[in-house]
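Please look over the sequence and the model shown here before reading the notes that follow.

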Amino acid sequence: MALPTPSKTDNNLLSTYLTSPNLSQNIIALNVLLKASSSFDENHALNEGGEHVVEALVSVFERNIGWERWWDEYTRDLRGDDVNPPKKKRQRIFGNGNGCDDDGFDDMVSKVWIPVEKREIDESSQWYNEKLIRWCEYCERTLSPPSDSTHPNVGISKDNAKIVEAVVMIVRNLSFVAGNVRFLCHSEGMLRVLSACLHYRPSNHQTTPITSSSESSSTSSSSSTQSNNNANSQPAPRNACLNSLQTLANLSPFLDISAKKIFADQVLVEPDKHSSLLPRTRHGHAHSLGLGGILLAKRFDIHEKDLPSHVTTVLHSICRDHVLVISSLFSTLSSVVCHTTRHRAVVFGGLELLKELVDNTDNASVFLRIPNELLSRLVELLYVPRLGPDSLEYIDPTFNLVSRVSALKLTGGYDASVDFEARDRALELLEKLSALSPDIKRRLGSCAGGGGSIGTLKIFDYLLPVLETTVGRSDAPQLAGRVLGHLAMVAENRVGLKYVEMRLVHLAGKDAHVA
């Protein structure tokens with residue numbers, strides 16, 4: 001007997017189908033949501049009860065990567081024979097949600113660029129969450145290719161991978177509708193899923209890596225020829241990582257480490273007036289706080305930088321899980337951008353998401369601690385040899401005997417040889433980062449603090465030709481000029497400025513815009 005197809009507006013029946021152990025019901029509900037969310041004729045809003053559909057999608061994802069079974073076994077081993085384990089053991093399994101005056105938030109923020117499983121956080125701290133740590137480890141070894149994972153690779157079957165990709169595609173489509181954004185942001189499980197998908201790469205996928213000029217010389221003959229032939233002719237992979245990046249970019253206004261906007265929704269918003277935009281059971285709690293809730297509603301400002309300590313304590317205790325999941329995004333996002341074998345569309349998506357996150361002033365404390373590895377990668381992206389049939393193809397003569405570069409292409413100079421799409425995205429991000437603090441200016445222009453040199457003069461060599469470029473964004477020369485201006489504000493960069501001084505004067509004499 002054929003199963004009835006649920007309506008796209010029947011959230012209760014859709015969530016029932018998605019949480020059912022029957023795979024056929026799961027597929028029917030996924031197809032309904034996929035068709036409704038991808039329609040160009042109308043925007044599909046989840047409306048009231050949408051939180052049940054979101055949590056059901058999370059459940060489908062966890063079930064198909066094998067997490068539910070693995071976590072049940074893990075907690076059973078931790079719990080042992082105790083039906084009600086002691087408080088310390090419960091905190092280890094489910095995390096410590098008790099706030100305190102000195103809650104270690106600043107210490108946690110200082111470690112956001114370190115993978116969650118490698119952070120040294122005391123188990124008694126409220127910022128220690130065993131479930132999130134094991135989730136990150138499990139997703140890395142399950143969704144990453146064996147060559148990239150630092151853990152023994154488990155992998156998932158082809159059928160499970162298709163369902164995983166369908167779930168993330170649905171979430172991506174839903175995120176383009178403003179009425180769905182808060183349903184997705186308020187689900188801690190959905191944020192975990194999107195963060196985990198940044199590890200995802202189909203093992204049989206043909207990738208087109210973004211490789212800098214200094215990295216290209218280490219590429220083998222076969223892979224170099226293959227990437228040159230397929231560079232721009234192949235479309236971007238339709239995988240969960242790219243869809244997750246696009247979803248997170250749509251949700252970026254709510255992805256701040258302070259979680260002020262999520263806290264305001266959960267505590268201050270009136271439930272009856274916004275039931276079609278927010279999870280009904282997770283917002284509007286100010287009325288239960290009595291006069292304290294009224295005082296908080298009058299004085300709380302999401303744009304205020306320094307909140308009173310007692311408000312911060314309450315905020316962290318309520319939004320702890322969201323803050324932890326958002327903090328796990330940064331280290332994974334850094335690995336997406338820094339990994340040289342990632343598809344160019346995925347790297348571009350990572351750069352766009354970083355730009356959206358740095359625009360949020362509440363994330364300034366995070367980007368002040370940006371690692372040297374990521375800064376170095378952004379500098380490298382300022383000059384990537386351009387690939388494709390209509391431009392100069394980079395061929396390393398060490399590994400390739402036959403060159404595909406015609407003499408006519410060599411006359412094009414810098415504009416014909418540079419991948420301006422990668423350059424412009426990296427340049428815009430560097431302009432925003434270099435304006436944050438003198439320390440970042442110093443690390444960009446000379447040596448990285450705490451060990452590891454970025455390259456004393458490399459950034460100046462890369463920025464100078466951008467000042468007179470005619471390809472890419474029209475404001476690229478202005479962005480390059482602003483980055484040079486930021487670097488000039490630090491005395492340690494004087495050597496680099498002396499290095500390009502004569503060339504800069506020569507360019508200024510030819511071009512009034514440079515002058």
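**Briefing on the predicted model**

Ala 259 is found in the loop between α12 (240–251) and α13 (260–268), where helices (H or I, at least four residues) and strands (E, at least two) are DSSP runs, numbered from the N terminus. This is a predicted model, in which local features need pLDDT of at least 70 and side-chain atom pairs count only at pLDDT 80 or more, while totals for chains, interfaces and linings use all residues. Residues are numbered from 1 along each chain as its sequence is written, and side-chain values use heavy atoms, with hydrogens and water left out.

**Chain overview**

- The protein chain holds 25 helices and zero strands.
- Of its 515 residues, 51% count as buried, a term that means under 20% relative accessible area, with exposed meaning over 50% and partly exposed in between (1.4 Å probe, protein chains only).
- The protein chain exposes about 23900 Å², and carbon and sulfur atoms supply 53% of that area; accessible areas come from the Shrake-Rupley method with a 1.4 Å probe, and for residues only the protein chains shown count as cover.
- Among contacts (heavy atoms within 4.5 Å) in the protein chain between residues at least 6 apart in sequence, 74% join residues at least 24 apart.

- Ala 259 has a phi near 60°, a positive value in a residue other than glycine, and Ala 259 is buried, with a relative accessible area of 0%.
- Helix α13 is mostly covered, since seven of its nine residues are buried, namely Lys 260, Ile 262, Phe 263, Ala 264, Asp 265, Gln 266 and Val 267.
- Asn 47, in the loop between α2 (23–37) and α3, likewise has a phi near 60°, a positive value in a residue other than glycine, but Asn 47 is partly exposed, with a relative accessible area of 40%.

**Packing of α3 with α8**

- Two packed helices are described by the angle between their axes and the distance between the axes.
- The axes of helix α3 (residues 50–64) and helix α8 (residues 158–175) come within 9 Å and cross at roughly 155°, which means that α3 is roughly antiparallel to α8.
- Axes here are lines fitted to C-alpha atoms, for helices over the stretch in contact, and angles run from 0 to 180 degrees between N-to-C directions; angles under 35 degrees count as roughly parallel, over 145 as roughly antiparallel, 65 to 115 as roughly perpendicular and the rest as oblique.
- The crossing of α3 and α8 is left-handed, that is, the near helix is turned anticlockwise from the far one by less than a right angle, whereas clockwise would be right-handed.
- On the α3 side the contact is made by Leu 57, Val 60, Phe 61 and Asn 64, and on the α8 side by Asn 160, Ile 163, Val 164, Val 167, Val 168, Ile 170 and Val 171.
- The residues of this contact of α3 with α8 divide into nine nonpolar, two polar and no charged, where Ala, Val, Leu, Ile, Met, Phe, Trp, Tyr, Cys and Pro count as nonpolar, Asp, Glu, Lys and Arg as charged, and the others, Gly among them, as polar.

**Packing of α1 with α3**

- The axes of helix α1 (residues 11–19) and α3 come within 9 Å and cross at roughly 10°, which means that α1 is roughly parallel to α3.
- The residues of the contact of α1 with α3 divide into six nonpolar, six polar and one charged.

**Val 347**

- Val 347 is found in helix α16 (residues 344–359) and, at 1% relative accessibility, counts as buried.
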